[in-house]
Amino acid sequence: MDREESPLNLIAAQYVLGTLSASARLRFQARLQQEPALRRLTYAWERRLNPLTHLLVPRHVPPEVWQKIEARLDAIVPLSSDPAQPVVVKAANDGYWKPWAWASSAIAAGLALFILVRPEGITLQPPVTAQVQLVSHDVAVLSTDKNAPAWVVRQQGQTLVLSALNTEAVPSGRDLELWSIQGNTVPRSLGVLHIKNGQATISGVAADLVVKDSTLAISLEPKNGSPTGQPTGAVLYTGKIIRG
């Protein structure tokens with residue numbers, strides 16, 4: 001299966017995002033059990049999309065939402081008073097709860113299925129000990145000029161890890177170069193991107209180049225980077241640093 005050209009490519013992305021209909025999700029899960037290539041395709045989308053979850057900001061739940069939940073829970077009543085019979089409960093508005101209960105079960109089943117059938121050679125990493133663990137967080141999402149997300153930038157100490165979401169192939173004989181732009185100052189190069197398996201790592205990044213509200217940009221440059229110390233090619237991706 002050609003991952004990029006397969007008609008299942010978009011469906012795999014929708015499965016990871018959780019936007020498939022209930023019936024389509026069940027059919028997809030059945031195929032996952034039988035097709036290793038489809039499992040690898042799905043895992044690739046997991047790797048691309050999961051970093052975006054770190055950008056979600058927790059939201060406070062309004063008190064009235066909790067009140068409505070409590071009101072519905074209070075409406076749950078037993079259908080049998082015979083102590084010899086199992087107690088069966090039914091919500092006052094069973095039609096409201098069934099879709100949510102089914103959806104929760106489907107999500108849990110999907111997660112369990114992925115753990116059971118994850119592609120060969122992919123193992124769960126053991127926990128990193130506190131002595132060697134570094135603080136790691138997402139700092140920016142870089143998009144095209146059409147606002148299509150293309151890269152997630154994660155910072156770990158003085159290292160930046162860029163994960164490709166949906167990027168164009170780099171032309172032969174050219175390289176991508178990452179820049180930091182602060183206000184009206186000239187761009188400062190952070191390094192050339194050496195992309196492998198959809199990721200690029202840049203080490204030894206100075207802290208003053210990754211500060212909140214600065215801009216990160218990726219330009220298309222000659223092989224091994226700009227010969228002038230400034231961007232010379234088209235700027236393909238840009239994004240604001242949301243935290244430093």
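The following legends describe close-up views of a predicted model.

Residues are numbered from 1 along each chain as its sequence is written, and side-chain values use heavy atoms, with hydrogens and water left out. As the model is predicted, local features need pLDDT of at least 70 and side-chain atom pairs count only at pLDDT 80 or more, whereas totals for chains, interfaces and linings use all residues.

**Figure 1. Overview of the chain.** The chain holds five helices and ten strands; these are DSSP runs numbered from the N terminus, with helices (H or I) of at least four residues and strands (E) of at least two. Of its 244 residues, 31% count as buried, where buried means under 20% relative accessible area, exposed means over 50%, and partly exposed lies in between (1.4 Å probe, protein chains only). Among contacts (heavy atoms within 4.5 Å) between residues at least 6 apart in sequence, 58% join residues at least 24 apart.

**Figure 2. Packing of helix 2 against helix 3.** Helix 2 (residues 22-34) and helix 3 (residues 36-49) pack at an angle of about 115°, their axes being 6 Å apart. Axes are lines fitted to C-alpha atoms, for helices over the stretch in contact, and angles run from 0 to 180 degrees between N-to-C directions. On the helix 2 side, Phe-28, Arg-31, Leu-32, Gln-33 and Gln-34 take part, and they meet Pro-36, Leu-38, Arg-39 and Thr-42 of helix 3. The residues of this contact divide into four nonpolar, three polar and two charged; Ala, Val, Leu, Ile, Met, Phe, Trp, Tyr, Cys and Pro count as nonpolar, Asp, Glu, Lys and Arg as charged, and the others, Gly among them, as polar.

**Figure 3. Helix 3.** The 14 residues of helix 3 reach 20 Å from first to last C-alpha, close to the 20 Å expected at 1.5 Å a residue; the expected span is 1.5 Å times one less than the number of residues. Buried residues of this helix include Leu-38, Leu-41, Trp-45 and Leu-49, as well as the charged Arg-39, Glu-46 and Arg-48.

Figure 4. Asp-175 lies in strand 6 (residues 174-181) and counts as buried because its relative accessibility is 8%. Its side chain reaches the backbone nitrogen of Asn-224 at 2.7 Å, a polar contact, that is, a pair of N or O atoms within 3.5 Å; within protein, one must be able to donate a hydrogen and the other to accept it, and residues adjacent in sequence count only if both atoms are side-chain atoms. Leu-176, also in strand 6, is buried at 5% relative accessibility. Leaving aside residues up to four places away in sequence, Leu-176 touches, among others, Trp-151, Ile-195, Ile-218 and Leu-236.

**Figure 5. Arg-154 and Asp-138.** Arg-154 is placed in strand 4 (residues 149-156). Its side chain makes a polar contact with the side chain of Asp-138 at 3.1 Å. The C-alpha atoms of Arg-154 and Ala-140, 14 residues apart along the chain, are separated by 7.3 Å.

**Figure 6. Asparagines with positive phi.** Asn-147 is found in the loop between strand 3 (136-143) and strand 4, and its phi is near 65°. Asn-147 is exposed, with a relative accessible area of 65%. Asn-224, in the loop between strand 9 (215-222) and strand 10 (235-240), has a phi of about 75°. Asn-224 is exposed as well, at 63%.
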